[in-house]
Amino acid sequence: MPAVKKTAMLVASAALLTMSTAAPALADGKPKDDDGQPKPPSKMSTVGGAQLGEAGTQVKLKPGAPVLPKDLSGRSWIVSDAETGEVMASHNAHWRLPPASTLKMLFADTVLPKFPKSQEHKVTLSDLAGIGAGSSMVGIKENETYSVHDLWLGVFLKSGNDAVHVLSAMNDGVPKTVKDMQKHAEELQALDTHVVSPDGYDAKGQVSSAYDLSLFARSGLQKKDFREYCSTATAQFPGETKKIEKGKDKGKKKRGTFEIQNTNRLLTGAPGISAYKGIAGVKNGYTSNAGNTFTGVAERDGKVLLVTVMNPSSGEAHAVYKETASLFDWGFKAAGKVDPVGQLVAPKGATGGAGKGAPGSGGAGTDAEKAANSTDSGGSGMGTALAITGGVLVVLAGGAFVIRRRLPLPGQAGRRTPQD
């Protein structure tokens with residue numbers, strides 16, 4: 001090789017080495033983009049379609065379609081039609097990121113069918129072991145008895161890790177629950193997800209994706225109880241049992257209650273953000289590692305959409321909710337004006353459908369499964385969004401993963417918001 005050419009190649013190689021080592025890097029060694037944000041992998045999973053495995057924003061606008069919202073800062077997001085499963089648009093849909101408490105959707109979809117809501121459980125100290133420092137809590141107390149219904153309200157409204165741990169203890173412990181969740185994720189073809197803790201608390205290696213979180217929501221919404229809990233705005237939660245200090249009942253024991261409010265701000269509203277018209281859940285989350293995450297379902301004019309947003313970087317208050325709302329607005333306007341970029345896949349084990357015995361399949365199942373999928377909502381005295389505007393239910397019936405217009409999807413109408 002001529003000396004000049006060889007020298008030029010060595011100089012070029014040295015320059016490339018300098019560029020790669022000088023690039024800013026995360027703690028895990030992955031490079032950042034020009035804005036100092038982590039870069040997604042150049043290639044990701046192609047479950048649901050090859051285009052969903054591409055980095056960046058994916059959308060196919062037809063003539064007359066509205067453009068996507070500006071200033072979206074989520075590391076990953078996805079807009080999909082809950083009925084057809086078609087993905088209308090996405091951004092790094094399969095990027096494996098920490099999910100925070102949105103992972104509780106998988107926990108609920110896995111464990112909820114196992115126990116009838118009327119079953120009661122007396123909490124022991126060991127039930128509450130292993131809860132991460134700084135966890136969100138609903139306020140469960142040792143030696144008090146709670147119904148399964150109470151515990152699920154604690155999971156969905158207050159994102160209570162204490163409620164998750166009690167339900168996990170009822171399910172023979174956290175390790176078994178994690179194993180059950182991982183198996184269910186694989187059945188749903190949510191292959192980006194690796195479960196380490198049932199509550200979504202930051203744990204090494206625990207990841208999911210906007211695509212997988214949408215699968216969990218879509219599967220969970222098949223269940224009547226899941227829909228009730230995720231759409232409940234406020235509820236009364238059992239407090240501590242205490243002795244009455246005064247009056248004719250002095251010395252007797254009485255258990256009080258306290259109000260809990262759903263932390264999903266598109267459902268309840270908050271200073272600086274209004275409740276979103278047609279919202280019906282599903283789950284929000286936050287940890288220092290995951291940032292803010294959210295999956296929501298909303299209905300407008302008979303169209304039902306799912307939106308998931310993970311870790312917005314804008315720094316704006318309620319950014320995850322505002323970006324979700326803007327994607328909902330776009331999705332409803334864009335319906336019928338875009339070609340799909342992918343598909344929310346059906347569970348593994350059947351062509352377009354659920355495997356035998358899958359919860360919600362309409363098969364035999366256990367009594368607890370039947371109870372969890374019952375059309376009888378049960379529960380009263382709660383601020384809930386069970387009044388319906390049209391409404392749909394995702395169901396697994398006849399071996400096909402389809403939407404049947406049978407049971408209502410909780411919507412905006414009739415929701416009783418908390419009193420000031």
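**Confidence first.** I looked up pLDDT, the predictor's confidence in each residue, from 0 to 100, and found a chain average of 81, with 74% of the residues scoring at least 70. Over residues 3-32 the pLDDT is below 50, and I count 16 contacts for this stretch beyond near neighbours in sequence (contact means heavy atoms within 4.5 Å). Residues 350-408 also stay under 50 in pLDDT, and here the model has 141 contacts beyond four places in sequence. Where pLDDT is low, the predicted coordinates should not be read in detail.

**Ground rules.** This is a predicted model, so I note that local features need pLDDT of at least 70 and side-chain atom pairs count only at pLDDT 80 or more, while totals for chains, interfaces and linings use all residues. Residues are numbered from 1 along each chain as its sequence is written, and side-chain values use heavy atoms, with hydrogens and water left out.

**Salt bridges.** How many salt bridges does a search of the whole structure find? I get 11, taking a salt bridge as a side-chain nitrogen of Lys or Arg within 4 Å of a carboxyl oxygen of Asp or Glu. Side chains of opposite charge can pair when their charged atoms come close.

**Glu54 and Lys43.** I find these two side chains joined in a salt bridge, 2.9 Å from N to O. Both residues sit in the loop between α1 (3-22) and β1 (57-61), so the pair ties together parts that are 11 residues apart in sequence. For the element names, I use DSSP runs numbered from the N terminus: helices are H or I with at least four residues, strands are E with at least two. Glu54 is partly exposed at 30% relative accessibility, whereas Lys43 is exposed at 58%. My cut-offs are buried under 20% relative accessible area, exposed over 50%, and partly exposed in between, with a 1.4 Å probe and protein chains only.

**Asp339 and Lys62.** Here the salt bridge is 3.5 Å, N to O. I note that this pair links distant parts of the chain, 277 residues apart: Asp339 is in strand β11 (residues 338-339) and Lys62 in the loop between β1 and β2 (74-81). Asp339 is partly exposed at 35%, and Lys62 is partly exposed at 34%.

**Arg255 and Glu144.** The closest N and O atoms of this salt bridge are 3.5 Å apart. What does the pair tie together? Arg255 is in strand β7 (residues 253-261) and Glu144 in the loop between β4 (120-122) and β5 (145-147), so parts 111 residues apart in sequence are tied together. Is Glu144 buried or exposed? Glu144 is buried, with a relative accessible area of 10%, while Arg255 is partly exposed at 27%.

**A network.** I also see Lys114, Lys176 and Asp180 linked in a network of salt bridges.

**Glu186.** I place this residue in helix α5 (residues 174-187), partly exposed at 36% relative accessibility. Leaving aside neighbours within four places in sequence, Glu186 is in contact with Leu191 and Lys348. From Glu186 to Pro347 I have 8.4 Å, C-alpha to C-alpha, for a separation of 161 residues in sequence.

**Thr232.** This one lies in strand β6 (residues 232-243) and is buried, at 0% relative accessibility. What does the side chain of Thr232 reach? I find the backbone oxygen of Glu228 at 2.7 Å from the Thr232 side chain.

Terms used. Polar contact = N/O pair within 3.5 Å; in protein donor to acceptor, adjacent residues only side chain to side chain.
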